[in-house]
Amino acid sequence: MSDEPQGSADQDGLVDRLDVIEEQPLAVRADAYAQLHEQLRRTLEGDDDHGRG
């Protein structure tokens with residue numbers, strides 16, 4: 001068994017995704033943050049069909 005809290009792998013994926021976004025040019029970064037925001041919003045509202053791929 002692992003001592004990591006449940007969802008830790010998802011959090012690591014989010015941090016990795018944020019790191020990738022931060023390395024992009026500003027215009028691309030803005031679009032990527034908007035897409036991430038929309039995905040997180042759908043996930044929090046329970047619309048998992050769009051939040052998982």
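This is a predicted model: local features need pLDDT of at least 70, side-chain atom pairs count only at pLDDT 80 or more; totals for chains, interfaces and linings use all residues.
Local features need pLDDT of at least 70 and side-chain atom pairs count only at pLDDT 80 or more, while totals for chains, interfaces and linings use all residues. Residues are numbered from 1 along each chain as its sequence is written, and side-chain values use heavy atoms, without hydrogens and water.

**View 1. The protein has three helices and zero strands.** Helices (H or I, at least four residues) and strands (E, at least two) are DSSP runs, numbered from the N terminus. Of the 53 residues, 11% are buried (under 20% relative accessible area; exposed is over 50%, partly exposed in between; 1.4 Å probe, protein chains only).

**View 2. Glu38 and Arg42 form a salt bridge, at 3.7 Å from N to O.** A salt bridge is a side-chain nitrogen of Lys or Arg within 4 Å of a carboxyl oxygen of Asp or Glu. Glu38 and Arg42 are about one helical turn apart, because they are four residues apart in helix H2. Arg42 is buried at 19% relative accessible area, and Glu38 is partly exposed at 29%.

**View 3. Arg41 and Glu45 form a salt bridge, with the closest N and O atoms 2.5 Å apart.** Salt bridges that share partners join Glu38, Arg41, Arg42 and Glu45 into one network. Glu45 is exposed at 57%; Arg41 is partly exposed at 31%.

**View 4. Arg29 and Glu22 form a salt bridge, with the closest N and O atoms 4.0 Å apart.** Arg29 is partly exposed, at 22% relative accessibility. Glu22 is also partly exposed, at 42%.
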